[in-house]
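This briefing goes through one protein chain, topic by topic. Keep the sequence and the 3D view open while reading.

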Amino acid sequence: MSEHPPTLYGIPNCGSVKKARAWLEARGVDYRFVDFKKTPPTETQLTVWEAKCGWEVLLNRRGTTFRGLAEGEKAELDAARAKALMLKYPSIIKRPVLEHGTGDVTVGFDAATYEALFPA
């Protein structure tokens, strides 16, 4: 089975996205980059990502966008409410999101994890 090049989703000026891109480029990994601001994830993509890693992993509660939400929007979060927020405010998705292999998803950047995914 042939694998497609990995796709990295995020925001270009995000520190974690910059680290992931630099890591991939330094190792010659062919990948595609999708800017959340230009091409926000669809509800279908979020559903797939949530199934792979859980909405709690996808939702970045530490970022300024989430912290700036009204208390009512942040209260009593569950999968459906979190997905609605991520669709409305793609910046609250933890970055980067990496689709790789035959549909696996990795959220955030960790050099050791990337090394295991793309061994030299």
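In which sense do strand β1 and β3 pair, and over how many bridges? Strand β1, residues 7-10, pairs with β3 in the antiparallel sense, and the pairing runs over three bridges. The model is predicted. The points below start with the sheet, go on to the helices, and end with the loops.

**The sheet**

- The sheet is open and is formed by four strands in the order β2-β1-β3-β4. Its pairing is mixed.
- Strands of a sheet pair through backbone hydrogen bonds, and the pairing is either parallel or antiparallel.
- β2 (32-35) and β4 are the edge strands, and each has a single partner strand, so one side of each has no neighbour in the sheet.
- From one strand to the next, the twist averages 20°.

**Strand pairs in detail**

- β3 covers residues 97-100 and β4 covers residues 104-107. These two strands pair in the antiparallel sense over four bridges.
- β3 and β4 form a hairpin with three residues between the strands. In this hairpin, Gly101 has a positive phi near 65°.

**Helices on the sheet**

- Helix α1, made of residues 15-26, lies across β1 and β2. Its direction is at about 160° to β1.
- Helix α2 also packs on the sheet, where it touches β1, β3 and β4. The direction of α2 makes about 80° with that of β4.

**Helix against helix**

- How do α2 and α6 cross? The axes of α2 (residues 43-53) and α6 (residues 79-88) come within 10 Å and cross at roughly 135°.
- Angles over 145° count as roughly antiparallel and angles of 65° to 115° as roughly perpendicular, with oblique for what is left between them. The two helices, α2 and α6, are therefore oblique to each other.
- The crossing of α2 and α6 is right-handed.
- On the α2 side, the contact is made by Glu43, Leu46, Thr47 and Glu50. On the α6 side, it is made by Ala79, Lys83, Met86 and Leu87.
- Sorted by type, the residues of this contact are four nonpolar, one polar and three charged.

**Loops**

- Asn60 is in the loop between α3 (55-58) and α4 (64-67). Its side chain reaches the backbone nitrogen of Gly63 at 3.3 Å.
- Which residues does Asn60 touch, not counting those up to four places away in sequence? They are Phe66, Ile92, Ile93 and Lys94.
- Glu76 is in the loop between α5 (71-74) and α6. Phi of Glu76 is near 50°, a positive value in a residue other than glycine.
- Pro96 is in the loop between α6 and β3. The peptide bond from Arg95 to Pro96 is cis, and its omega is near -10°.

Notes. Residues are numbered from 1 along each chain as its sequence is written. This is a predicted model: local features need pLDDT of at least 70, side-chain atom pairs count only at pLDDT 80 or more; totals for chains, interfaces and linings use all residues. Side-chain values use heavy atoms; hydrogens and water are left out. Axes are lines fitted to C-alpha atoms, for helices over the stretch in contact, and angles run from 0 to 180 degrees between N-to-C directions. Angles under 35 degrees count as roughly parallel, over 145 as roughly antiparallel, 65 to 115 as roughly perpendicular and the rest as oblique. A crossing is left-handed if the near helix is turned anticlockwise from the far one by less than a right angle, and right-handed if clockwise. Contact means heavy atoms within 4.5 Å. Ala, Val, Leu, Ile, Met, Phe, Trp, Tyr, Cys and Pro count as nonpolar, Asp, Glu, Lys and Arg as charged, and the others, Gly among them, as polar. Two strands pair if DSSP finds at least two bridges between them. A polar contact is a pair of N or O atoms within 3.5 Å; within protein, one must be able to donate a hydrogen and the other to accept it, and residues adjacent in sequence count only if both atoms are side-chain atoms.
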